[in-house]
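Hi,

Here is the structure I promised to pass on. Have a look at it first, and then read my notes below.

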Amino acid sequence: MPIAATIRDIRHLVLGLLALAGLMLASQSAFAAAPDVAAPETAAEASGEAAADGEAATDKAAADAEGSYEHLGPEWIKGQPTSFEDDPWKSTQFQDQYTDNGNYAKWMNTYILTPVIVVISAFVFFLLLVVVVRYRRREGREPSRTTHNTLVEVVWTIVPVLILIAIAVPSITLLARQYETPPADAITIKATGYQWYWGYTYPDQGGFEVISNMLPEEEALSRGLPGQLAVDNRMVVPVGVPLRIQTFGADVIHSFAVPSLWFKLDAIPGRLNERLLTIDEPGIYYGQCSELCGARHAYMPIAIEAVPMDRWRQWVLSKGGSFGEDAETSEAMDIQAPASAADGAPAAGGAPTAADDGGTAPSAPLDASEADGAQSTN
């Protein structure tokens, strides 16, 4: 009997789909239960240790304002990709977020976009199965030729509109939050993209520049840092305060992107872009240039080190920077000239630099006095 055969086939299909769904859920649970080998410290522990470190840094800075600054170790790494070997499920998801906008975007993806995608896909898949089973050749049935059905046309017009509205409201809210104007007292940091490395300038603290090149993979791994992400000089910023991040391209278009901070801003020659960034927790956050900028595009990572305000002030003083009325740019300031990305070649807009590693790592940056000496020699 055709009806009995159809019911039997549908029942078999449903049972098979339920078994497949159960297997997928069991696999997902097993993956999610896998231990996180490189799990960072909890926020409470990080905050407590950061406060203790901040107090120690204050005492040390009071004794010696320009004393040595101790950078955060690998145990403070929070924003980095997760490999499939460490956690198969997490490797397919967004990175953990450490900004308000990032948490909002992740919430929107988890509770709005993903359910809508799953429901629509499941509904379409169900209709496809019904058509395949009900109108297969063996049954010899003729599908309905109904046209101009008012109810159907109203439903398939109203439902997509409601879905789009449900998606549009949080999407527009996220866009507005991402382009919020930085407050007047925000700390300004200018990220300049060079071929192929980054330079970080602090105009409010005297205008000194820190050049950041990728560490050789062997050296990074020996320090316990991730290969092709670790750098010799990180962009050090204070945590919990508004930052005005400005981007500029010295030669071609670059893009300053840090996924765990939900931050991406193009660095374009002849144009200064800026965006507000406030980091919630102390830690180390990695990113990469996300605009194809040349042969060594894949070798200009971004490393941000977020520390308490006291420690950040200590770092600024250790670099020759200053605060308040003393933060006036001086030609005698120890400002690093851009380091060359190619062995022995001059940097974009900067003086030639001396290679120190035989071509396996970026050449060493020069300070202002060395750069002037190199220019006079040439």
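Strands E10 (283-289) and E11 (301-307) pair in the antiparallel sense over six bridges; strands here are DSSP runs (E, at least two residues), helices are DSSP runs too (H or I, at least four residues), both numbered from the N terminus, and two strands pair if DSSP finds at least two bridges between them. Within this pairing, Gly287 has Ile302 in E11 as its bridge partner.

Before I go further: this is a predicted model, in which local features need pLDDT of at least 70 and side-chain atom pairs count only at pLDDT 80 or more, while totals for chains, interfaces and linings use all residues. Residues are numbered from 1 along each chain as its sequence is written, and side-chain values use heavy atoms, with hydrogens and water left out.

E10 has other partners as well. Strand E1 (residues 77-79) pairs with E10 in the parallel sense over two bridges, and Gly79 stands opposite Tyr285 there. Strand E7 (residues 254-258) also pairs with E10 over two bridges, in the antiparallel sense, with Phe256 opposite Cys289. E10 is mostly covered, with six of its seven residues buried; buried means under 20% relative accessible area, exposed means over 50%, and partly exposed is in between (1.4 Å probe, protein chains only).

The loop between E10 and E11 holds His297. The side chain of His297 reaches the backbone oxygen of Glu291 at 3.0 Å. Leaving aside neighbours within four places in sequence, His297 is in contact (heavy atoms within 4.5 Å) with Trp196, Cys289, Ser290, Glu291 and Leu292.

On E11 itself, Glu305 is the residue I would show you. Is Glu305 buried or exposed? Glu305 counts as buried because its relative accessibility is 0%. The side chain of Glu305 makes a polar contact with the side chain of Tyr69 at 2.9 Å, and the side chain of Glu305 also reaches the backbone nitrogen of Leu72 at 3.2 Å. A polar contact is a pair of N or O atoms within 3.5 Å; within protein, one must be able to donate a hydrogen and the other to accept it, and residues adjacent in sequence count only if both atoms are side-chain atoms. Beyond neighbours within four places in sequence, the contacts of Glu305 include Arg234, Met235, Val236, Val237 and Gly283.

Next, the hairpin of E3 and E4. Strand E3 (residues 197-202) and E4 run antiparallel and are joined by five bridges, with Trp198 opposite Ser212 in E4. The hairpin has five residues between the strands, and Gly206 takes a positive phi near 110° there. Why is strand E4 (residues 208-212) described as largely enclosed by the rest of the structure? Because five of the five residues of E4 are buried. Phe208, Val210 and Ser212 point one way from E4, while Glu209 and Ile211 point the other way.

Now some helices. Tyr104 is found in helix H3 and is buried, because its relative accessible area is 18%. Tyr104 and Trp262 are 158 residues apart along the chain, and their C-alpha atoms are separated by 9.8 Å. Setting aside neighbours within four places in sequence, Tyr104 is in contact with Pro170, Thr173, Leu174 and Arg177.

H3 (residues 100-134) also contains Ile120, which is partly exposed because its relative accessible area is 39%. On the surface, Ile120, Phe123, Val124, Phe126, Leu127 and Val130 form a nonpolar patch with about 540 Å² of accessible area together.

In helix H6 (residues 309-318), the buried residues include Arg311, Trp312 and Trp315. Just after H6, Gly320 takes a positive phi of about 90°.

Finally, the overall numbers:

- The chain has seven helices and 11 strands.
- Buried residues make up 37% of its 378 residues.
- Among contacts with a separation of 6 or more, 67% come from residues 24 or more positions apart.
- The accessible surface comes to about 20900 Å² (Shrake-Rupley method, 1.4 Å probe; for residues, only the protein chains shown count as cover), and 60% of that surface belongs to carbon and sulfur atoms.

Best wishes

Methods: Patches are made of residues with over 30% relative accessible area and no salt bridge: like charges are joined within 9 Å, nonpolar side chains (Val, Leu, Ile, Met, Phe, Trp, Tyr) within 5 Å. A salt bridge is a side-chain nitrogen of Lys or Arg within 4 Å of a carboxyl oxygen of Asp or Glu.
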